[in-house]
Structure formats: C-alpha cells, structure tokens
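Subject: Structure handover

Dear colleague,

Here is the structure I said I would pass on. Please look it over before reading the notes below.

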Amino acid sequence: MDTSSTSNTSPVLTINKAENPTGEHIIAVKEDANLDDVIKLAKDPKSVTRLEIIHAFCGTFDKETLDKFLSHPDVRRVSEDGFMDD
C-alpha cells in the first residue's frame with residue numbers, strides 16, 4: 001500500500017537574507033506564472049517596483065504579506081534587498 005502524500009501544495013519558502021538589508025524584499029515569480037496575480041497580494045500593489053527582466057518585483061512588505069508570498073505556489077524566491085559592500 002502506498003502511503004506517500006499526494007498533496008499538490010508547494011512547500012513554504014524561506015527568505016534569502018542579505019548582509020546589508022535595505023528593508024525591501026524582492027519577490028521572484030515563476031516564469032510561467034502571471035506577475036500581476038502575485039503583485040495583487042501586496043496591500044498597496046501600486047507601491048511595488050516591477051522588475052520585468054527577471055520576472056520579479058520589489059517593495060516594502062509587512063510580515064503578513066511576506067507570509068502570503070512565501071506560501072504562494074507561483075513564487076519561486078523571496079529575498080531581502082541589500083546594499084553591496086565596496
């Protein structure tokens with residue numbers, strides 16, 4: 001008897017940390033997913049900056065919104081935005 005899980009839910013992601021975070025996060029969306037559908041999860045979708053070339057967007061999000069992104073099946077990565085050291 002097969003007791004393996006047949007659930008199609010995506011695993012919850014974790015936030016990739018930056019050494020010198022800016023307070024913003026970059027949300028990378030799967031290539032075959034609709035970017036606008038994920039942006040709509042933000043409390044103020046008009047406040048995000050679209051990063052079309054990498055199929056992502058960035059902005060400042062509260063914990064509740066970040067949790068929504070982390071568990072969304074169309075999100076491939078959530079990263080802190082950060083400053084580069086010289």
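Predicted model: local features only at pLDDT ≥ 70, side-chain atom pairs only at ≥ 80, totals over all residues.

Residues are numbered from 1 along each chain as its sequence is written, and side-chain values use heavy atoms, with hydrogens and water left out.

Helices (H or I, at least four residues) and strands (E, at least two) are DSSP runs, numbered from the N terminus. Not counting residues up to four places away in sequence, Phe69 touches Ile27, Val38, Leu41, Ala42, Phe57, Phe61, Val75 and Val78; contact means heavy atoms within 4.5 Å.

Helix α2. The buried residues in α2 are Thr65, Leu66, Phe69 and Leu70, where buried means under 20% relative accessible area, exposed over 50% and partly exposed in between (1.4 Å probe, protein chains only). These residues lie on the same side of α2 because they cover an arc of only 140° around the axis, the arc being that of the directions from the helix axis to the C-beta atoms. Their cover includes β1 (15–16), β2, α1, β4 (56–59) and β5.

Thr65, in helix α2, has a relative accessible area of 2%. With residues up to four places away in sequence left out, Thr65 touches Leu41, Ala42 and Lys43. Lys43 is 22 residues from Thr65 along the chain, and their C-alpha atoms are separated by 7.3 Å.

His72 is in the loop between α2 and β5. A polar atom of the His72 side chain lies 3.0 Å from the backbone nitrogen of Asp74. His72 also touches Val38 and Leu41, again not counting residues up to four places away in sequence.

Strand β3. Thr49 is found in β3 (residues 49–51) and is partly exposed, with a relative accessible area of 43%. Apart from neighbours within four places in sequence, Thr49 is in contact with Phe57 and Cys58. The C-alpha atoms of Thr49 and Gly59, ten residues apart along the chain, are 6.4 Å from each other.

Regards

Conventions
Polar contact = N/O pair within 3.5 Å; in protein donor to acceptor, adjacent residues only side chain to side chain.
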